[in-house]
Amino acid sequence: MSITLKRAYEAPSSRDGYRVLADRLWPRGVSKEGARIDAWPKEAAPSDVLRKAYHDGKLGWGEFRRRYLAELKSQRDTLRELAERARKGNMTLVFSSKDERHNNAVVLKQYLQMLRR
């Protein structure tokens with residue numbers, strides 16, 4: 001029962017469990033068959049405005065994280081289902097960002113872990 005993070009460009013594994021695409025946009029160059037995504041809750045991804053502001057450098061990591069958490073709170077009911085699924089087995093949040101430490105999947109994982117309690 002864990003939530004792990006994995007770049008969309010890494011090969012899926014049987015250890016991944018339930019694979020959730022954490023991005024609003026489909027990763028470039030990744031086929032839907034090859035990605036083996038089980039769920040794509042676009043409403044759980046950062047809004048286009050927030051995503052663009054962060055990627056354009058208009059927001060730092062801390063401010064992006066704060067605003068994204070506020071967006072996630074408005075999706076609490078939808079995200080409870082994901083958190084419950086993670087409680088029952090392995091879940092992998094799949095993301096396309098090159099930065100593995102500062103991306104929306106990191107924040108989503110933290111939020112889902114909080115909901116699991």
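Let me begin with one residue. Asp 48 is partly exposed, because its relative accessible area is 35%. Keep that residue in mind. One caution before going on: this is a predicted model. Every value I quote is computed from it.

So what does Asp 48 form a salt bridge with? The partner is Arg 51, and the closest N and O atoms are 3.2 Å apart. Arg 51 is also partly exposed, at 21% relative accessible area. That value sits just above the cut-off, since buried means under 20%. Both residues are in helix α2, 3 residues apart, which means about one helical turn separates them.

Now the whole chain. The protein chain has 5 helices and 3 strands. Along the sequence the pattern reads β-β-α-α-α-α-β-α. The radius of gyration is 13 Å, close to the 13 Å that the globule rule gives for 117 residues, so the chain is as compact as a globular protein of that length. Along the principal axes, the C-alpha atoms fill a box of roughly 40 × 35 × 20 Å. Of the 117 residues, 41% are buried. Then contact range. Take the contacts between residues at least 6 apart in sequence: 63% of them join residues at least 24 apart.

Next, the strands. Look at β3, residues 91-95. How many of its residues are buried? The count is 5 of 5. Which residues sit on which side? Met 91, Leu 93 and Phe 95 are on one side, and Thr 92 and Val 94 are on the other. Both faces are covered. The general rule here is simple: in a regular strand, side chains alternate between the two faces of the sheet.

What pairs with β3? Strand β1, residues 3-7, pairs with β3 in the parallel sense, over 5 bridges. Leu 5 stands opposite Leu 93 there. Strand β2, residues 18-21, also runs parallel to β3, joined by 4 bridges. In that pairing, Arg 19 stands opposite Thr 92.

Now to helix α3, residues 61-73. This helix has 13 residues. From first C-alpha to last, α3 reaches 18 Å, close to the 18 Å expected at 1.5 Å a residue. Which of its residues are buried? They are Phe 64, Tyr 68, Leu 69 and Leu 72. These four cover an arc of only 130 degrees around the axis, so they lie on the same side of α3. What do they pack against? The buried residues of α3 meet α2 at 48-55, α4 at 76-88 and α5 at 104-116.

Glu 63 and Arg 67 form a salt bridge, 2.8 Å from N to O. They are 4 residues apart in α3, so about one helical turn lies between them. Buried or partly exposed? Glu 63 counts as partly exposed, at 26% relative accessibility. Arg 67 is partly exposed too, at 38% relative accessible area.

That brings me to charges across the model. Side chains of opposite charge can pair when their charged atoms come close. A search of the whole structure finds 6 salt bridges. One of them joins Lys 6 and Asp 16, at 3.1 Å from N to O. This pair links distant parts of the chain: Lys 6 is in β1, Asp 16 is in the loop between β1 and β2, and they are 10 residues apart. Lys 6 and Asp 16 are both buried. For Lys 6 the relative accessibility is 12%. The bridge is part of a network, too: salt bridges link Lys 6, Asp 16 and Arg 19.

Let me stay on Lys 6. What is it in contact with, leaving aside neighbours within four places in sequence? The list includes Ala 11, Pro 12 and Ser 13. Asp 16 and Arg 19 are on it as well. For a distance across the model, take Lys 6 and Leu 50. They are 44 residues apart along the chain, and their C-alpha atoms are separated by 22 Å.

That's the tour. I'm happy to go back to any part of it.

Conventions: Residues are numbered from 1 along each chain as its sequence is written. This is a predicted model: local features need pLDDT of at least 70, side-chain atom pairs count only at pLDDT 80 or more; totals for chains, interfaces and linings use all residues. Side-chain values use heavy atoms; hydrogens and water are left out. Helices (H or I, at least four residues) and strands (E, at least two) are DSSP runs, numbered from the N terminus. The expected span of a helix is 1.5 Å times one less than its number of residues. Buried means under 20% relative accessible area, exposed over 50%, partly exposed in between (1.4 Å probe, protein chains only). The arc is that of the directions from the helix axis to the C-beta atoms. Contact means heavy atoms within 4.5 Å. Two strands pair if DSSP finds at least two bridges between them. A salt bridge is a side-chain nitrogen of Lys or Arg within 4 Å of a carboxyl oxygen of Asp or Glu. The radius of gyration is taken over C-alpha atoms; the globule rule is 2.2 Å times the number of residues to the power 0.38.
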